[in-house]
Amino acid sequence: LRVRRPFRRAAGAAMKWGQRMRDMVHQPWTDSYIDYKRLKQALKAHCQDSSMSRPTEGATNAALEAGREPQEAKAQGPFVDALEEELIKVAAFHESVALGLRAR
C-alpha cells in the first residue's frame with residue numbers, strides 16, 4: 001500500500017513531514033511547538049521493544065476486573081506520557097498568547 005503525499009516541493013520531490021514542519025516554524029515560538037521528533041522516537045522505541053506482546057481481550061478484562069492496569073496501558077506509557085507533556089506545553093503557550101492578546 002503506497003500513501004500519496006499531497007505536499008510537494010517546487011521541483012516535484014516529496015517533502016518529509018519533519019522537514020516541512022521545520023520550514024514553517026515561526027522562530028520566536030520554536031520551543032512551543034510539538035516535538036514530533038521526540039514523539040516519533042518514543043513510538044519507534046515502543047514498536048521495537050520485542051518483549052511487549054499484545055494482550056488478549058480476556059487478559060485485559062481480567063486485569064481490569066482485578067483492579068490492575070492492563071498490559072496494553074503500561075506498554076503505551078512512555079509514548080502517551082511524552083504526548084501528554086507536548087500537549088500541555090502547547091496548551092500553556094496558547095493560553096499565554098491568548099492572555100497577552102486579551103490584555104491589549
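## Exercises on side-chain contacts

Glu 85 is partly exposed, with a relative accessible area of 44% (buried is under 20%, exposed over 50%, partly exposed in between; 1.4 Å probe, protein chains only). The model is predicted, so local features need pLDDT of at least 70 and side-chain atom pairs pLDDT 80 or more, while totals for chains, interfaces and linings use all residues. Residues are numbered from 1 along each chain as its sequence is written, and side-chain values use heavy atoms, without hydrogens and water.

**Exercise 1.** Find which residues are linked with Glu 85 in a network of salt bridges.

*Solution.* A salt bridge needs a side-chain nitrogen of Lys or Arg within 4 Å of a carboxyl oxygen of Asp or Glu.
1. Glu 85 meets Arg 38 at 2.4 Å, N to O.
2. Arg 38 also meets Glu 86, at 2.8 Å.
3. Glu 86 in turn bridges to Lys 89, with the closest N and O atoms 2.7 Å apart.
4. The network therefore holds Arg 38, Glu 85, Glu 86 and Lys 89.
5. Within it, Glu 86 is buried at 4% relative accessibility, whereas Arg 38 is partly exposed at 28%.

**Exercise 2.** Classify the one aromatic pair in the structure.

*Solution.* Rings of Phe, Tyr and Trp (its six-membered ring) pair if their centres lie within 6.5 Å; planes under 30 degrees apart are stacked, over 60 edge-to-face, the rest tilted.
1. The ring centres of Trp 29 and Phe 93 are 5.2 Å apart.
2. Their planes stand at 65 degrees, so the pair is edge-to-face.
3. Trp 29 is partly exposed at 38% relative accessible area, and Phe 93 is partly exposed at 22%.
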